[in-house]
Amino acid sequence: MSCTAVASGSGDSCANCGKQGSDTVKLKKCNACQLVKYCSVECQKAHRKQHKKACKKRSAELRDETLFGQGHDWPEEAFCPICTLPIQPPMGYHSKFMTCCVKRVCNGCCLATQTRGSNDCPFCRTSTDFPDYKSAIAMVRKRAEKKDPSAIHFLGDKYFFGNYGLKKDVPRAVEMWTEAAELGSLKALCALGNAHLNGLGGLAIDRAKGFEFWETAARKGHADSRHNLGTSELQLGNCDRAARHFVIAAKLGVKVSLDAIKDMFKRGDATKDQYAEALKGYQAAMEEMKSHDREVAARVGFAGYSKRTAKSLTDSDPSMQTSALRKIFSGHGASKRRKKLNEKQTSPKVAPAGQTFDCGPRKIQNPVQGTTVKKTSVSWFVDHLEIACNHPSSVQL
Ligand SMILES: [Zn+2]
Ligand SMILES: [Zn+2]
Ligand SMILES: [Zn+2]
Ligand SMILES: [Zn+2]
């Protein structure tokens, strides 16, 4: 019997020789496209040249179906463990990473805990008065030894930046992100995407690989990865793909994605429908992420920022931070100013609900009647937040 090529392997016959599938002839689908079947590896090899074009086209379609069809919901790691609401991206600005329990708690819940007069971790109640970064890192290491992906990712970031008393070691950071990604950290996948795109830590520059990491994270709802894909596609001139990514990211609450699609619409690179969908989705996301405590936190500028993030944040959302607060957190002599602020704050002040009192360089409205606001909160949260500035997740092609 001769093995003649057939036009299509659809149904139950080998795409190369036409042999019918049976109990003895097991046909296997082409893994990449799922379009055709083969009776043997030899037949698949023989058919490759003929099949290549259709296979490539269909596998790209399949890839896009999942890429744009999945990841429209927030992943588990995007939710605050206390109020159970999704945290607004960028999460580094809107939440704090607790080194004691490696949980990310939203600014609203952090401020509410402090407003009740507690300086403990809002989630696990561990005292947060660490003597130094060393003890904070030691706690995270303990979790990392137990294979917690968030802890390993966190350590990776600290090695990347060389902060928290750790010596900068980018290859080590890449190693840790790889381990964290394998254990399920989407943030680590995002960081790895950037590492491959930019050839960090001894990696070769590999755009395809970088995209693959971001796509995997975006399929699971990672908002930053989705935004990065949009930006990268835009830089490559693929406007439609960029717009589709930005729409999804905007629906996950990414303000910069909404801004990006707005600009695209103005230039005629995105349709009115796409912009309208992004805007509506973004507004719905904001509504879903809203809470009283978060609004109070935003109003008083409760978050810690470095010089760069403070600027980028105030540029993008002026309601988030007051200039006085920016002065404390950023620029030359910031640590001295924070220290001075702490020294002055020996006794906590009490204010009745709805009234403001002077809290050093900022006015803070006490949201709960008769409760105590410790002024030391400013410094505590600055020192224990995960520094978001210059984050390896951010896109750079
Ligand atoms: Zn065959
Ligand atoms: Zn195929
Ligand atoms: Zn919360
Ligand atoms: Zn904790």
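The structure described here is a predicted model, and the protein in it holds 17 helices and 8 strands. Of its 397 residues, 43% are buried. Where contacts join residues at least 6 apart in sequence, 55% of them link residues that are at least 24 apart.

**Cys190 and the pairing of α7 with α8**

- Cys190 and Trp177 are separated by 13 residues in sequence, and their C-alpha atoms lie 9.1 Å apart in space.
- The axis of α7 comes within 7 Å of the axis of α8, and the two cross at roughly 165 degrees. Because angles over 145 degrees count as roughly antiparallel, α7 is described as roughly antiparallel to α8.
- The crossing in which α7 passes α8 is left-handed. On the α7 side the contact is made by Leu186, Leu189, Cys190, Leu192, Gly193, Asn194, His196 and Leu197, while α8 contributes Arg207, Lys209, Gly210, Phe213, Trp214, Thr216 and Ala217.
- Sorted by class, this contact of α7 with α8 has 8 nonpolar, 5 polar and 2 charged residues.

**From α8 on to α9**

- Helix α8, made of residues 207–219, also packs with helix α9, made of residues 223–235, at an angle of about 130 degrees and with the axes 8 Å apart. The two helices are therefore oblique to each other.
- The crossing of α8 and α9 is left-handed, and in it Trp214, Glu215, Ala217 and Ala218 of α8 meet Ser225, Arg226, Asn228 and Leu229 of α9.
- By class, the residues in the contact of α8 with α9 are 4 nonpolar, 2 polar and 2 charged.
- Trp214 and Ala217 of α8 are listed both in the contact with α7 and in the contact with α9.

- Helix α4 (residues 133–145) packs with helix α5 (residues 149–161) at an angle of about 130 degrees, and their axes are 7 Å apart. These helices are therefore oblique to each other, and their crossing is left-handed.
- Val140, Arg141, Arg143 and Ala144 in α4 meet Ala151, Ile152, Phe154 and Leu155 in α5. The class count for this contact is 6 nonpolar, no polar and 2 charged residues.
- Lys147 is found in the loop between α4 and α5, and its phi is near 65 degrees, a positive value in a residue other than glycine. Lys147 is exposed, since 12 other C-beta atoms lie within 10 Å.
- Tyr164 sits in the loop between α5 and α6, the latter spanning 170–182, and its phi is near 55 degrees, again a positive value in a residue other than glycine. Tyr164 counts as buried because it has 20 C-beta neighbours inside 10 Å, and 20 or more is what the term buried requires.

- Strand β3 (residues 95–98) pairs with strand β4 (residues 103–106) in the antiparallel sense over 4 bridges, and the bridge partner of Ser95 in β4 is Cys106.
- This hairpin has 4 residues between its strands, and Val102 takes a positive phi near 45 degrees in it.
- The buried residues are Asn107, Gly108, Cys109, Cys110, Leu111, Ala112, Thr113, Gln114 and Thr115.
- Gly117 follows α3 and has a positive phi, near 90 degrees.

**A cis peptide bond and a contrast between sequence and space**

- The peptide bond from Pro89 to Pro90 is cis, with omega near -5 degrees. Pro90 has its place in the loop between α1 (41–69) and α2 (91–94).
- Glu288 belongs to helix α12, which covers residues 272–289, and it is exposed, with 12 other C-beta atoms within 10 Å.
- Glu288 and Ile87 are 201 residues apart in sequence, and the distance between them in space is 9.7 Å, C-alpha to C-alpha.

Notes
Residues numbered from 1 in each chain as written. Chains lettered and ligands numbered in written order. Predicted model: local features only at pLDDT ≥ 70, side-chain atom pairs only at ≥ 80, totals over all residues. Axes fitted to C-alpha atoms, helices over the stretch in contact; angles between N-to-C directions. Parallel < 35°, antiparallel > 145°, perpendicular 65-115°, else oblique. Left-handed = near helix turned anticlockwise from the far one by under 90°. Contact = placed C-beta atoms within 7 Å. Nonpolar A, V, L, I, M, F, W, Y, C, P; charged D, E, K, R; others polar. Pairing = 2+ DSSP bridges.
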